[in-house]
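Here's a quick tour of one protein chain.

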Amino acid sequence: MTIRQCGQMTDDAKTTFQEVIQREKARLVAEAEAEISRDMAEFERIALKYSISVDTFLSIIKAAPVPVSGAVATTPTAEQEASRSYDGTFKSLIDNYCSLDESSFHNVKHSVQQNYLRSFRRLKKDIGSERVAECSAQRIQSLYDSIWAADGKVAMGHDMIAKLRLLATFGSTVLNDDGCIRLSTILGNMRFAVAKGDGQPRFTRDQARALRIAAREHFGWDSIALAVALLFEVPKLKQVDVLGEWVPLSDPTKSDIIKGSEKWVRGLRWSDLDDDLVLHRVSPRSRREQQKEQQFRLSRSQMTMEEINRVPEAKRNGPMVICEFSGLPWSGNEFRRKLKIVAEKAGVSLRSKSDDGGDSELEAEKAS
């Protein structure tokens, strides 16, 4: 073998060795990226559960003390965790309410949680940096009069006060905070106007009829016509009761209808309607454990029966109100968007209202 050949072999060996190193580096990088991806997915799941951002969650982990070698690691109690993370501000009080297991926040259905979060964002914006212990009756009244209930928005003002009472109760009973106990006493001694309905249905009969005709004849949206009939003739049913709602897979409510990372729960199903056309409905009003059995005899509801009779027997299974585009139950937002289009065609003016389920529901304006 010549020296040239030996040199060539050495060069070939180097090339092969470098390729092996590059492949091994690529493998290790891929494994590291996969592990990071799994960790981030877990972080996101936990962050979603406690309604905090991933960045905030990571900062909490980084700030956690490292156990001393040989020391026995102990899990802090909820009270210890709360006292460590609560700094006395309204923002901190809200964050604790949304994250601690002892909070009632985790016992309400998903749509109500979303309503709470919208209100909490407003509270953080208005008074998040203020200290609970320094809040006075005069400050609360000023907020109510000049911001929350201004321009006749009594319902908004009442909602903000209700959330303050909720937070004060949580801070008093779970955090055992003197400032929250004081705030709870102040709020208990204050009185605010409550928005009262006029006792009228969300649509008049003529408006409901016009909406149904427009939905069916102009757009082919029979599902919207059925939903309008149910909402008009069974006023105890809210929009979220009729349509159901799409919630994260982490929601404990069981469902056999799944779309991506969400599942459909709590809406009307054809199986809720018995042979005598009585609708049996177990509807949670706020807390998941507070469920109430309801029965509605639909055979006495002319509009509803007209729409039900348009549905072939073979299709009366699964969710009662199905979106014509997706073949799945409507999302609340998309239903409201389509209903506005229908209302415009029917010449019915709609406005938004917030029901007790936390969804922005639509109802007709009063006829002039």
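Which residue of β3 stands opposite Pro248? It's Glu262. Before going further, keep in mind that this is a predicted model, where local features need pLDDT of at least 70, side-chain atom pairs count only at pLDDT 80 or more, and totals for chains, interfaces and linings use all residues. Residues are numbered from 1 along each chain as its sequence is written, and side-chain values use heavy atoms, with hydrogens and water left out.

**The chain overall**

- The chain has 13 helices and seven strands; helices (H or I, at least four residues) and strands (E, at least two) are DSSP runs, numbered from the N terminus.
- Of its 368 residues, 40% count as buried. Buried means under 20% relative accessible area, exposed means over 50%, and partly exposed is in between, using a 1.4 Å probe and protein chains only.
- Take the contacts (heavy atoms within 4.5 Å) between residues at least 6 apart in sequence: 59% of them join residues at least 24 apart.

- Let's go back to where Pro248 and Glu262 sit opposite each other. The sheet here is an open one of three strands, in the order β1-β3-β2, with antiparallel pairing.
- In general, strands of a sheet pair through backbone hydrogen bonds, either parallel or antiparallel.
- Two strands count as paired if DSSP finds at least two bridges between them. β1 and β3 have four bridges, in the antiparallel sense, while two bridges join β2 to β3 (residues 262-265), also antiparallel.
- The edge strands are β1 (245-248) and β2 (258-259), since each pairs on one side only.
- Glu262 of β3 also has Lys259 standing opposite.
- β2 and β3 form a hairpin with two residues between the strands, and Gly260 takes a positive phi near 60 degrees there.

**The nonpolar cores**

- A nonpolar core is a set of buried Ala, Val, Leu, Ile, Met, Phe, Trp, Tyr and Cys residues joined through side-chain atoms within 4.5 Å.
- The largest one has 39 residues, and Ile224, Val242 and Leu298 touch the most other members.
- Helices α9 (205-218), α10 (222-233), α11 (239-243), α12 (302-309) and α13 (332-346) each supply at least two residues of this core. The largest share, nine residues, comes from α10.
- Leaving out residues up to four places away in sequence, Leu298 touches Leu230, Val234, Leu273, Leu277, Leu279, Thr304, Met305 and Ile308.
- Apart from this core lies another, of 37 residues, with Leu93, Tyr97, Ile127 and Leu167 among them.

- α9 and α13 pack at an angle of about 105 degrees, with their axes 8 Å apart. Axes are lines fitted to C-alpha atoms, for helices over the stretch in contact, and angles run from 0 to 180 degrees between N-to-C directions.
- That makes α9 roughly perpendicular to α13, because angles of 65 to 115 degrees get that label (under 35 is roughly parallel, over 145 roughly antiparallel, and the rest oblique).
- On the α9 side, the contact is made by Ala210, Leu211, Ala214, Ala215 and His218, and on the α13 side by Leu339, Val342, Ala343, Lys345 and Ala346.
- By class, that's eight nonpolar, one polar and one charged residues. Here Ala, Val, Leu, Ile, Met, Phe, Trp, Tyr, Cys and Pro count as nonpolar, Asp, Glu, Lys and Arg as charged, and the others, Gly among them, as polar.

- Glu324 is in the loop between α12 and α13, and at 35% relative accessibility it counts as partly exposed.
- Glu324 and Gly220 are 104 residues apart in sequence, yet 8.4 Å apart in space, C-alpha to C-alpha. Apart from neighbours within four places in sequence, Glu324 is in contact with Gly220, Trp221, Asp222, Ser223 and Trp330.
- Ser119 belongs to helix α5 (residues 110-127) and is buried, with a relative accessible area of 4%. Not counting residues up to four places away in sequence, Ser119 touches Asp159, Met160 and Lys163.
- Asn176 isn't a glycine, but has a positive phi of about 55 degrees. Asn176 lies in the loop between α7 (154-173) and α8 (178-188) and is exposed, at 53% relative accessible area.
- Arg266 isn't a glycine either, and has a positive phi of about 70 degrees. Arg266 is found in the loop between β3 and β4 (278-284) and counts as buried, at 16% relative accessibility.
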